Structures are given as C-alpha cells and as structure tokens.
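Colleague: Could you walk me through this model? I'd like the terms spelled out as we go.
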Amino acid sequence: MTAKKESIEERIDRLHAGRIIDLHFDLPMDLYEKRERGNVLATEFLHELEAWYIGVVGVAIYIEDRYLPDAGLRVALDQIARLYVETQACSQFAICKSYREIGNALKDDKIALLITMEGAEPLGTDLNLLRIFHELGVRSMGLTHARSNAAGHGGIFASSGSLQDGLTEFGRDLARECEALGVIIDLAHINPAGFNEILSVTTKPPIVSHTNVRRYYDIERNINDDQIKRIGERRGVIGVNSVLVSAKEEETTLDCYVDHIEHIANLIGIDGVGVGFDFFEFIYSQWPESVKQRLAEKLTTPHFIPNLRNHSQTRNLTRKLIERGFSDEEIEKILRRNWLRIFQEWL
Ligand SMILES: [Zn+2]
C-alpha cells in the first residue's frame, strides 16, 4: 500500500498550521476612527485573521496629516488605548512585547499583535517619549512615513527627487536609542540618504517591514538592489508589500508579487524575505472620492492584487509559491520563520 499523495490544498494547510506573520497592518488607525463603536476587533477582524491562520500581525500606529502637529501624540496614545481595550474584550488576541510572549500566544492559538510605529511624529523631538511608547508595547519603529519629520525624510513616490539629507541629529539619536531599548528598526519609507545613515548608526539586523523592489516599481519609496544587499549583509528581513508591486494596474498580479519575493531571494537568499502585506483596501474603500484623489496627487493610486487583497486570501499566495517551485522550507521562512528570527534577536 502506498501513502496517499498530499494534495496542494493539504500542503497549504500543513504550511499554514505553524501560522503566518504579517508585519504591516494599519489596524490601530481603523480602531481609532471607529472608537465610538467598540468591539471592532471581534466583529470586523477576528474571523478573517483567525480563519486564515494569521499568527502575528505588526499593527502600525500612524498619524494622518490632519492630526498633525498638535494632536499627534494624543492620537497615538488613543490608538494604543484602543488596542488594549479591544484586545481585553476579545481574548483571542494578545498584545505581545517579547519573543517569549509571541511564542506563548502562538502556542495558545492566539493572534499576537506587535505594536509598531510608522513615523516618529508622536515623539515630536522628545527622545524620552520613546521610552514611554516602549513601556506601552511599541516594539518596532519606522522613523518616517512619506513626509518629513523631526527625525528625517521619507522616500518619495518617484524614481528620483527625494531630499538628499539624511537623518537629523534627533533621528540618529532615535535610531540608536531604538536599538538600545529593543525596538526593531524599520527602514520602510525612509529616503535613500536616511536609509544609509540608519544602517551606519546601528548594528542589529534591520527590517523593511513593507516595501517592494525598485526593479519592478521604480520609486524611491521602494528599495533598489544595493539597498537589498545591504539588508542582506546585516542578516535583516524585507517584508514584501502587496500594494506597490507595479505602477500599472494590469501588472499588479500575484505572479508579480512573487517576482518581488524571488528577486530579493536571488540577491540575498531566502532568509531575507518575509511578508508585510499592508492590506489597506478596507481603509481605502471607506474614504470619500476627495480623499482618494488627494492620495493620488500626493503619493499614488494604490493597485490591489485581485486575489491577494486581504488576509483571507493568503492561501492564494502559498499556492502560487508552490506552483513557482518554492520548497516547504522556503515557504515557511517567507511566511513565518524569518520574522521569528528577527523577533528572537531583538525582543
Ligand atoms: Zn506604509
């Protein structure tokens, strides 16, 4: 008698059983905007995340322009407050602050939330506030979004023209202090000059939580081959973003997403690739046309991959990785193990 051959769907089940780690999700912003409603995590997110084997989510504190500068700190604290209130009301989630806590959450079949910060605006120029946010659970920091702030400058959505300046003195101090405290340095969004400078003032493996490669979408918000290699030299991990895979809508496909993964793996090895999906459509679709228009003018019009638009579609990615010839070990590294290694080294 021969053993029954495992079907592709069974293989996906097996690969997902150890859970998936997505290092960029704009959850706190949505919880904050729906703060009057309450129980949003349980009613709008639990099913999608739990049913599809999502194990750890990097949830990003992000402050929209309209709250800056005066309300930045307030809104950041309120976003974190929402995370705690909502998590307390829904025991399937756990806010995790260490590698050990993440391991325990996974063991208990909970969804681990790792609080990240996308843009240092809430700190103003006060380094002491990093310590406070660390106390509150922030465990990863991207110094900037697309705009400039007291720490540095974001990379623009064009192939050239980002500011040539690197970090400010505050930005350099902030990067060093993140490393000292155990707040993972995230290079997503920073301009090329700032990228180099962060690497020069830190020593631990850096991450780029959600980005794409410039080979397929040539904008300075993304990263080029040289930058990918520098992350690889430092044993860092790059999370591939689902939103900026191509400038053209018709080329925004699952195959193109895997092209980004393959390109990074070819340059620095499979140990350097993870996912940072940045599933953003649930927020985008809530916006009025005028706000979408403003985003298009200021940054870009996002294109969503038709069959990778939210966490319930991650099976499609795994199926595509199998079709494209990735081994089980490689897929597990992309979906989970590379991020776990980063957590182990930093947290
Ligand atoms: Zn982002």
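Modeller: Let me begin with a term: contact means heavy atoms within 4.5 Å, while helices (H or I, at least four residues) and strands (E, at least two) are DSSP runs, numbered from the N terminus. This is a predicted model, in which local features need pLDDT of at least 70 and side-chain atom pairs count only at pLDDT 80 or more, whereas totals for chains, interfaces and linings use all residues. Residues are numbered from 1 along each chain as its sequence is written, and side-chain values use heavy atoms, with hydrogens and water left out.

Colleague: Okay, which residues meet between helix 6 and helix 7?

Modeller: From helix 6 there are Leu130, Arg131 and His134, and they meet Leu174, Glu177, Cys178 and Leu181 of helix 7. The residues of this contact divide into 4 nonpolar, 1 polar and 2 charged, where Ala, Val, Leu, Ile, Met, Phe, Trp, Tyr, Cys and Pro count as nonpolar, Asp, Glu, Lys and Arg as charged, and the others, Gly among them, as polar.

Colleague: And at what angle do helix 6 and helix 7 pack?

Modeller: Helix 6 (residues 128–136) and helix 7 (residues 169–181) pack at about 35°, and their axes are 10 Å apart; axes here are lines fitted to C-alpha atoms, for helices over the stretch in contact, and angles run from 0 to 180 degrees between N-to-C directions.

Colleague: Switching to the metal, what coordinates the zinc ion?

Modeller: Glu118 (OE), His189 (NE2) and His210 (NE2) coordinate the zinc ion at 2.0 to 2.2 Å, with donors taken as N, O and S atoms within 2.8 Å of the metal (3.2 Å for Na, K and Ca); water is not among the atoms, so sites may look incomplete. Along the sequence, the spacing of the donor residues is E-x70-H-x20-H. Glu118 lies in strand 4 and His210 in strand 7, so this pair ties together parts that are 92 residues apart in sequence.

Colleague: How many cavities of 30 Å³ or more are there?

Modeller: The count comes to 2, where, on a 1 Å grid over the protein atoms alone, a cavity is a set of points where a 1.4 Å probe fits but cannot get out, a pocket is an open set with protein on both sides within 12 Å along at least five of seven lines, and lining residues have an atom within 4 Å of a point. Grid points are joined across faces, edges and corners, and a volume is the space filled by probe spheres set on the points. The largest cavity has a volume of about 60 Å³, and its lining includes Glu118, His189 and His210. Strand 4 gives the most to that lining, with 3 residues.

Colleague: What about the second largest cavity, how is its lining divided?

Modeller: Its lining divides into 6 nonpolar, 4 polar and 2 charged residues, and the space in this cavity is about 40 Å³.

Colleague: Which residues are closest to the centre of the largest pocket?

Modeller: The largest pocket holds about 780 Å³ of space, and of the 31 residues that line it, the closest to its centre are Tyr62, His145, Trp287, Leu295 and Leu299. Helix 12 (residues 289–298) provides the largest share of the lining, 4 residues.

Colleague: Last one, where is the cis peptide bond?

Modeller: The cis peptide bond joins Leu68 and Pro69, with omega at about 0°, and Pro69 lies in the loop between strand 2 (54–61) and helix 4 (72–89).
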